[in-house]
Amino acid sequence: MKWKVFQKGYSVPVMSWCENCDKGTMEQAENLAKHPAVFGHVALMPDAHQGYGMPIGGVIATEDAVIPAAVGVDIGCGMVATETDIPAERFADLSFRRAFQEKLKERIPAGEGVSHREARIWEGFEAYADNNGMRAHLWPSKLDRMNLGTLGGGNHFAELQKTTALDGTGAPADGSKVWLMIHSGSRNLGKRIEEHYHKIASRLCTRFHVPLADPNLAFLPIDEPDGRDYFTDMLFALRYAKENRLRMMEAMKETIAEFVPEANFLRTIDIHHNYAACEEHFGRKLFVHRKGATSAKPDEIGIIPGSMGTASYIVRGLGNPASFMSCSHGAGRCMSRIAASTNLTVEECDRAMEGIVCERWHPYKGYGKKGRLDLSEAPQAYKDIESVIDAERDLIEPLVRLMPLACLKG
């Protein structure tokens, strides 16, 4: 797909790879296009949908400023995937996969507010406290130590997958192999960091009467102490999120080894999709904010997951400057959680998950009709991953197509 350019009197244009962009997402993109700190243009990835302040699946660049809401509350949320040499046939039996999933649940706490019973040891905590003085009373907390190596809730998952042909017609000629994939982030740590600095940014922008189309897009100058502190703490959350994923991946490997002792683990890929980074684009040093988007620099290997019942992709970045060398972070929602749990039926969601081991559907805890099940993570709540990949073939090259065998959701 060739991107679309929208220019309606904004400070900068909006460049979109997203077909049929909904009204709320476009309004948020327009607000960013009017932002005094945004440089060049706003880029919408093909999975873009409405978020908090900034669309999820959005990419912006700023000069000398950081916008906490343009990173979001789950700082460092991302993906890790490990390739194995296990033939997919070893996990063909449903009961074998169910046994694997039950054992995995013993090692990886999953769910909103679920953590380990005891604090975990990680040298990163002490390094942060040693380097950041009085700010250490805010982070890390005992909860952060207990959350290390846990999945969280919402759309986070740990998945057993198998390779298929890139055209989706079946296994590749050299045989289908097993991959392991995890989606998780910085848990409560990232939320506290974002909320703390967003309040400071809001007070600052109000004090100096900074014109913002959306007050949620308050920003901090990077050359001021609060801006530097946010960036430092955000980087710490990235390290924490990566450590969190890698610990769960080790737990997944241990579980695999129990079921397939001869397994070898060939390579591991880890990427973030909620973060800001200081990068050079168009000959300038910029702070690129990727909220629900990943880096796709030339030859950079990335991960684009679908839903719990559809394909995921391992991809290679093409370094397209128009997207600030970025791509989508997944399929992206096409239905809100409330809409999915209200309008979808259990029968159609079960059909979409046929042949895949999962926990199925829990009671819905949000707004809407009481007594319904939570169908917010059903495949129907997400955009078609194949269309998303096709829309960004000028940003990435698909390398490996994966289909789920078993999925543990948060």
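In the predicted model, helix α3 (residues 123–132) packs against helix α6 (residues 225–259) at an angle of about 170 degrees, the two axes lying 11 Å apart. Axes are lines fitted to C-alpha atoms, for helices over the stretch in contact, and angles run from 0 to 180 degrees between N-to-C directions. Helices (H or I, at least four residues) and strands (E, at least two) are DSSP runs, numbered from the N terminus. The helices α3 and α6 are therefore roughly antiparallel to each other, where angles under 35 degrees count as roughly parallel, over 145 as roughly antiparallel, 65 to 115 as roughly perpendicular and the rest as oblique. Residues are numbered from 1 along each chain as its sequence is written. Because the model is predicted, local features need pLDDT of at least 70 and side-chain atom pairs count only at pLDDT 80 or more, while totals for chains, interfaces and linings use all residues; side-chain values use heavy atoms, with hydrogens and water left out.

On the α3 side of this pair, Gly 124, Phe 125, Tyr 128 and Asn 132 meet Thr 232, Asp 233, Phe 236 and Tyr 240 of α6, contact meaning heavy atoms within 4.5 Å. The contact of α3 with α6 comprises four nonpolar, three polar and one charged residue. In this classification Ala, Val, Leu, Ile, Met, Phe, Trp, Tyr, Cys and Pro count as nonpolar, Asp, Glu, Lys and Arg as charged, and the others, Gly among them, as polar.

Helix α6 also packs with helix α5 (residues 187–207), their axes coming within 9 Å and crossing at roughly 170 degrees. That makes α5 roughly antiparallel to α6. From α5, Arg 187, Leu 189, Ile 193, Tyr 197 and Ile 200 take part, and they meet Asp 226, Asp 229, Tyr 230, Asp 233, Phe 236, Ala 237, Tyr 240 and Asn 244 in α6. By class, eight residues of the contact of α5 with α6 are nonpolar, one is polar and four are charged. Arg 187, located in helix α5, has a phi near 55 degrees, a positive value in a residue other than glycine. Arg 187 is buried, at 12% relative accessible area; buried means under 20% relative accessible area, exposed over 50%, and partly exposed in between (1.4 Å probe, protein chains only).

A positive phi near 55 degrees is likewise found at Asn 20, a residue other than glycine. Asn 20 belongs to the loop between β2 (14–16) and α1 (23–33), and counts as exposed at 75% relative accessibility.

The largest nonpolar core contains 49 residues, and those with the most contacts inside it are Met 181, Ile 303, Ile 314, Ile 385 and Ile 396. Such a core is a set of buried Ala, Val, Leu, Ile, Met, Phe, Trp, Tyr and Cys residues joined through side-chain atoms within 4.5 Å. Strand β18 (residues 396–409) supplies the largest share of this core, four residues. Apart from it lies another core, of 47 residues, including Ala 48, Phe 231, Leu 238 and Tyr 240.

Two buried loop residues form polar contacts. His 116 lies in the loop between α2 (94–107) and α3 and is buried, with a relative accessible area of 12%. Its side chain makes a polar contact of 3.2 Å with the side chain of Arg 120, and the side chain of His 116 also reaches the backbone oxygen of Leu 148 at 3.3 Å. A polar contact is a pair of N or O atoms within 3.5 Å; within protein, one must be able to donate a hydrogen and the other to accept it, and residues adjacent in sequence count only if both atoms are side-chain atoms. Ser 376, in the loop between β17 (357–358) and α9 (385–391), is buried at 2% relative accessible area. The side chains of Ser 376 and Asp 374 are in polar contact at 2.6 Å.

Glu 63, in the loop between β4 (56–62) and β5 (65–66), is partly exposed at 31% relative accessibility. A polar contact of 3.0 Å links its side chain to that of Arg 284. Phe 282 occupies the loop between β11 (274–281) and β12 (284–291) and is partly exposed, with a relative accessible area of 49%. Between Phe 282 and Pro 321, 39 residues apart in sequence, the C-alpha to C-alpha distance is 7.9 Å.
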